[in-house]
Amino acid sequence: MTSRTPRDSRLRLVSPRPLAEAPRAVTQRRARRAAPRPPEGTPPPAELARLARTRLADAARVAHWADAELRPGRDGATPDGKGTLSDATAERAAADLGLSVAQVRADWDTARLAGLVEVHGDSARPGWRLRAWHRDDSAVLRGWVAFFDAWTLAYPEPEDPGQSAVADVVSAMPQVLSFLQLSAGPVPVEQLLDLLCQRVTELRTERCEVAYTSRPDQPGENGETLRAEHPAPPDQGSAEDIPLAPLLGWALDALAYVGALTRADGQATLTPLGNWAVWVKLEQICVAAQSPAGNIEQNAEAMLRGCAQLRPNAARAEYRAWLAARPVGSAVTELLAAARGEDALLRGLAFDALRVVGAPAEPDVRAVADERPLRPYAQLWLAEHDGADPEEAHAVLTREEATWLWVDTAAAVADHGEAPLLVRHLESAVQPTVPALLDEVRAVGHPRTVQVLVALAAAHPDPALAKAVRRAAFQVHTGEG
């Protein structure tokens, strides 16, 4: 006979975990795939790391100088004590290192893009890669790949090129790099221009824009003759009027600047580092394409749904592959759009994917921190990005934000999980008792409060507690109290 005596309703306080880390209701296991081997002739990781250290040596030197001289409390620190690179700091670094101010600023920018220093608002601090610079080859290679991924930021764009045309070229460059990688040797720049024009034509055709037609050849940079492609003249000026040859020249120069390729005699050739990086990204795409859902071809929402039943490590591998096939900016925009939807599970998974993006996503995440549904997720993301332990990051949330996040996560569990997981979710609440939790859940005003409480009441084995939860759901539904 079931006892009607109310049981102890105190909640055990534990560190909340993101839903992606919770046990999955349905676990989808994939067959292990043999570790891929890089193309023949690819240098070993130690040699690749040596090349990366050489390319980033100046940036690492400035970062080490900043680490030593700009720490709060040091005699040489800036007046605000935050390690910012002010004009005075840049001049002092130039004097100490024997460089020009312009070179210091360029090396500082490179250090930021490579993750050797991390800048948060008005403050800067050494990145974890700088700490591991001399002992961890993988950290060095990750730093260089981050620099490689940011090639559009590392090298100035041509003046007034038209943002739409630049975006088309940036979107088309992965195919150009893949062609260079598969060619395994020098490729004439004119041939790359043909490929670029074909890809840009495809992109604009998909958007129902004007198709390309040829115009006379024109000289490119470094004396190459490049056949520019243009659309038929539209009724009014548009992005299609902008020649692609100069933009290809800019892209190749930028990739040469980061160390991914070389240009000589009208030809372009991937460096060993560039060849390895492109192979890694192609391999990530191939892995994702082999997934049952074909996540690499999906938009962000469909990709996240495809990853929902994967274990965290497998899901992160899918995120990396999906991100590798897209410009970072558009990928972050897609993920945040998915996070704004009604499905709370996708909200949590979207921010897990943004953790894989890392520093490039920081401005966009900060921009959404004032949106109430996204604020708790954004606050946790920013805290972890600033170096907080993921197990302790929840301390940055206010009580109201933590309660909102609890309800949102409970909604995800109710929609996609099983009853025992929803019951266990009680343990992650910050409130010490069920009555306190119910009071604050009712006050927080989450749109899914009623559904969450009804699902919890139906799932909980304690009749007295279930009755209290049902009463709270009824009160929220009728607007009482």
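Predicted model: local features only at pLDDT ≥ 70, side-chain atom pairs only at ≥ 80, totals over all residues.

Modeller: Let us begin with a pair of helices. Helices (H or I, at least four residues) and strands (E, at least two) are DSSP runs, numbered from the N terminus. Axes are lines fitted to C-alpha atoms, for helices over the stretch in contact, and angles run from 0 to 180 degrees between N-to-C directions. Here helix α17 (residues 375-385) packs against helix α18 (residues 399-416) at an angle of about 110°, and their axes lie 9 Å apart.

Biologist: What does that angle make α17 relative to α18?

Modeller: Angles under 35 degrees count as roughly parallel, over 145 as roughly antiparallel, 65 to 115 as roughly perpendicular and the rest as oblique. Helix α17 is therefore roughly perpendicular to α18. Contact means heavy atoms within 4.5 Å; α17 contributes Arg375, Pro376, Tyr377 and Leu380, while α18 contributes Glu401, Trp404, Leu405, Asp408 and Thr409.

Biologist: How many helices and strands does the chain have?

Modeller: The chain has 22 helices and 7 strands. Buried residues (under 20% relative accessible area; exposed is over 50%, partly exposed in between, with a 1.4 Å probe and protein chains only) make up 45% of its 481 residues.

Biologist: Which residues touch the most other members of the largest nonpolar core?

Modeller: In soluble globular proteins, nonpolar side chains tend to be buried together. A nonpolar core is a set of buried Ala, Val, Leu, Ile, Met, Phe, Trp, Tyr and Cys residues joined through side-chain atoms within 4.5 Å. The largest holds 67 residues, of which Trp144, Phe148, Met173 and Leu196 touch the most other members. Helix α10 (residues 245-258) gives the most to this core, with 9 residues. A second, separate core has 62 residues, including Tyr319 and Leu422.

Biologist: Where is alanine 184 placed, and is it buried or exposed?

Modeller: Alanine 184 sits in the loop between α8 (163-183) and β3 (187-188). Its phi is positive, about 55°, although it is not a glycine. Alanine 184 counts as exposed because its relative accessibility is 68%.

Terms used
Residues numbered from 1 in each chain as written. Heavy atoms only, no water.
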